[in-house]
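Hello,

Here is the structure I promised to pass on. Please have a look at it first, and then read my notes below.

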Amino acid sequence: MQVAVPGPWSPLFGRLTLAAIPYDNPILVATFAGVAVVGLVVVAAVLYYKKLGYLWREWLTTVDHKKIGVMYVILGLVMLLRGFADALMIRTQQAMAIGPNSPGVLGAQHGYLPPFHFDQVYSAHGTAMILFAATPILTGLTNIVVPLQIGARDMAFPYMNALSLWLTVAGAALVMISLFVGDFSAAGWVGLIPLTELPYSPGVGVDYWMWAIQISSIGTTLNAINMIVTIIKMRAPGMGWFRLPVFTWTTLSTNIIGLTAFPVLGVALALLGADRYLGAHFYTAGNGGNLMLYTNLFWIWGHPEVYFLVLPAFGIMSEIIPTFSEKPLFGYTTMVAATFAIAGISWAVWLHHFFTMAAGPDVNGFFSIATMLVGIPTGVKVFNWMFTLYRGRLTFATPMLWCLYGLFLLLAGGITGMMLAIPAINYTVHNSVFVIAHFHCMVLLVVTAIFAAVAYWFPKVFGFALNETLGRGFFWTFSTATTITFLAMFALGFEGETRRLDYIYDPAWRPMLWTEEFGIALYCVSLVYFVLMLYVSLRDRVPAAADPWHSARTLEFLTPSPVPFYNFAVTPEVNARDELAWRRQHGLEHARPEAFEPIHMPSNSGLSFITGMCALAMGFGLIWRIWWLAGAGLLGIVLVVIIRSFDKNLGYEIQPAEVAAMEEDLSLGGIIAEQPKRAPLTEAEAH
Amino acid sequence: MSAPHTNPLDHPEVRMASAWRYISGFIASMVLMQAAFIVTLRQHPPYEQYALTIAGLALASLVSQAALFFGLDISRAQIWKSVSLVLTVPLFVLSVGLTVWMFQSLAARTMLMPATTMQPTLLQ
């Protein structure tokens, strides 16, 4: 039943041989050297400062939603950097390989990347950016913010929260390992069928892509369950449904999408795995298979995934715009309704990704109209934000600047999206870079919202704000780079440039391609600003107040900065929709409880981290067909599940005196503080 | 101090199933899946009857797993889970229904071949 693969195979190493290490590729060797140096510096620093124990006790084994959220965001930023490096390589290749007389270096006939390497780069770019950068960062932000916004101590299932993170890390690690061991998929981030089938991609690239997504998407699905239960069951007293902050509403709708959509991706990839590993014929052209089944299944997940990304971005904007307009959000109820309308319609639009597949005009017409319907609730949101801004007392801090630029991107991406929703236009520009420019407007809207959110909530988590001057430099360079790059790309799309070109056959496109390259260079400048912003902010660490913006409206800004690991010393009673604004209005924002009660907290556990590492070993074993390693990884996961099932750890309690001390000295309970070892509760104490 | 929450047997809303339910659920799932596998391999009945048989076996499998593994019913403790499952039905109908419609349209326009060699779609 198992399919024979070309090349050598041994029981010990499977398909893995020394030839899989790309030591003859100077680009990858240089990258490896860079990664190795940075990795060694980090490891040496951890050992030199004797922080290995701290790292294990406080981070790798943590179940604290804020630390897990921060690790999600760090993972996402690393992958964002990786995806950006891929973008830089794509743009540079296209700027170099123009016309038949363009020179070639490093083994390429034109430019510097041979076609197979170029194909891997754009495949990795999409996969890294969407699944391992945007998705984890947004998951991290919701992890950090939502429990605080609803007045909860933690997520509903803290252990499962850590498990979700480590499964995502395992998936991202596979993408990174593929850089230096073997190769990555050359079939696009969507997995173009039948290119992903074994006869057309006999290497391990597609397997890396497939297992990385499969493992991480289990983590995302588990997180969706966790988030939905948290919002439904863990709200503080008085936090009724229509007092929920809009970011929490969008998180709820996003995770309903995640819970219902990600299993479809899992099935689509499992069937592909059956084809590649077991010789099944789900997606082959003959033997009862159907190529389009894959495309259909992929986009049944793929389009809801777009809203999985964009709805939290809308939620972030709905929090930040009122704060910096010093007004309540205009049209709260319609905002919530629009959020769920978008989520609902997201399930009936996926076919617009393949209008040109040859479905009849009735089918294309249905999906065209359904797609256009998305514009109505989105328009409601835009008008609500504009009416919030109207006659507001506006402050243009960096989070606000990012949101306003996000509005511009939403307009550009939304209008071109309406164009693409018309099948006749879609037939004309299908597969051109016009489509790429359109969806980059949308995903960059997500990225701008992410940077807005990072700047907005950073002081809450770490107790000091990001440097505003360098933040503005970062904003202006990044937004200018985005505008330049993608305006040029829209123009190239109209001129007929198709996507994924490693060689540009029409020299007339040179000016616009070089304009794009200039935009990418400006992105590099923005990256320098970003790093400087982090460095200067960390160096200066100017303490932030509980409400660092002095006009925040929601519950999370009621907690001190940095927020202690137990979140609220006393579970808050919620009186209004914008609780902090209500308390400010009534002179209660500085009110402190007279007495504290013991706080019950979950204990840390290393089992979720071990599960993630077992999943990584299993994935690596499956990719290289090292069956013993895959089996050992799976066995490890099963053993951990059994061990966890018999684990009777009931958590621990923080006593009132300790809570009072930590409320007095915030550094004792902050995110970087090391906590003393606390004994778990006994069965009798728990009762 | 929080309420006792260490024993799942005290909480019917989180208690899943008993040994006999797990065993019988496992047997029911295996038998139904195996039956579907055999029916698919043989493909003796006419296409329409075959599709209905497969759909029926899938539904029976789903119901047996929901009832035996997850203990879903309409009791006060379980109704919210049962309702959650029912709420996925519209999504199921939407995604499967639109997929069937699309493939039917696609087959008519791209799979032009003699009727005798053509595999019918679910709408034909």
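I150(A) is buried, because 25 other C-beta atoms lie within 10 Å (buried means 20 or more other C-beta atoms within 10 Å, exposed 12 or fewer, partly exposed in between, with C-beta atoms placed from the backbone). You will find I150(A) in the loop between α4 (115-149) and α5 (158-180) of chain A; helices (H or I, at least four residues) and strands (E, at least two) are DSSP runs, numbered from the N terminus. Not counting residues up to four places away in sequence, I150(A) touches I231(A), M234(A), R235(A), A236(A), M239(A), L244(A) and T248(A), where a contact means C-beta atoms, placed from the backbone, within 7 Å. From I150(A) to A370(A), 220 residues along the chain, the C-alpha atoms are 34 Å apart.

A word on what you are looking at: this is a predicted model, in which local features need pLDDT of at least 70 and side-chain atom pairs count only at pLDDT 80 or more, while totals for chains, interfaces and linings use all residues. Residues are numbered from 1 along each chain as its sequence is written, and chains are lettered from A and ligands numbered from 1 in the order in which they are written. Chain A has a mean pLDDT (the predictor's confidence in each residue, from 0 to 100) of 94, and 100% of its residues reach 70 or more. Among the elements of chain A, the mean is lowest in helix α21 (residues 683-686), at 75, and highest in helix α18 (residues 607-624), at 97.

Now to the core. The largest nonpolar core has 205 residues, and V446(A) and A452(A) touch the most other members; such a core is a set of buried Ala, Val, Leu, Ile, Met, Phe, Trp, Tyr and Cys residues joined through C-beta atoms within 7 Å. Helix α14 (residues 433-462) of chain A gives the most to this core, 23 residues. A second, separate core has seven residues, among them F568(A) and V659(A).

Helix α9 (residues 332-345) of chain A is also worth a look. Its buried residues include Y332(A), M335(A) and I342(A), and the buried residues of α9(A) pack against α7 (246-278), α8 (291-325), α10 (361-373) and α11 (375-389) of chain A.

Finally, chain B has four helices and zero strands. Of its 124 residues, 6% are buried. The contact between the chains takes 16 residues from chain B and 19 residues from chain A.

Best wishes

Key
Contact = placed C-beta atoms within 7 Å.
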